[in-house]
Amino acid sequence: MPINSQFPLSQLLEACREFLVLTGSRRLTFEYVMLKDINDSLSEAEDLGKMLRDIPSIVNLIPYNPVPGLPYQSSSKNRVRQFSETVEKNGTPCPIRWSRGQDILAACGQLSTRNQTKRLAISVSYTHLRAHETGRNLV
């Protein structure tokens, strides 16, 4: 992710470890939104599982809820299940947070964007265009 150049993932993970020690918390919860063909490969699941292996944590796996006007798609149910199983094989619980209300655009992430779709689509398109022009990878 582009933000990793400013805040490296290794530093974030070290901060997570320190947080657990300083607060006495049992575990951290990570939220992972799956986007078809962007961050849903099994190698990414393997990497995520290995990365969190020594951090007491749980990964809530959230299939993306499509929003009209945005270019992203949901991963297949089969891919979501495979991703979850792969993360769990590395020792981190990874429950799937299946959505409700997609058929009426009332699922998580859809309600707040219903009236903002055009503005969001323009913003995302511009971001992708700028990333393409500069040769940066958004993932």
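A nonpolar core is a set of buried Ala, Val, Leu, Ile, Met, Phe, Trp, Tyr and Cys residues joined through side-chain atoms within 4.5 Å, where buried means under 20% relative accessible area and exposed over 50% (1.4 Å probe, protein chains only). The model is predicted: local features need pLDDT of at least 70, side-chain atom pairs count only at pLDDT 80 or more, and totals for chains, interfaces and linings use all residues. Residues are numbered from 1 along each chain as its sequence is written, and side-chain values use heavy atoms, with hydrogens and water left out.

**Fold**
- The protein has four helices and two strands, in the order α-β-α-β-α-α; helices (H or I, at least four residues) and strands (E, at least two) are DSSP runs, numbered from the N terminus.
- Of its 139 residues, 29% are buried.

**Core**
- The largest nonpolar core holds 16 residues, and Tyr32, Leu48, Ile55, Leu61 and Phe83 touch the most other members.
- Two or more residues each come from α1 (9-23), β1 (28-34), α2 (42-51), β2 (57-63) and α3 (77-89).
- Beyond its neighbours within four places in sequence, Tyr32 has contacts (heavy atoms within 4.5 Å) that include Leu48, Leu61 and Phe83.

**Helix α3**
- Val80, Phe83, Ser84, Thr86 and Val87 are buried in α3.
- These residues lie on the same side of α3 because they cover an arc of only 165° around the axis, taken from the directions from the helix axis to the C-beta atoms.
- The buried residues of α3 pack against β1, α2 and β2, while the face turned away from the buried side carries the exposed Lys77 and Lys89.
- Gly91, with a positive phi near 100°, follows α3.
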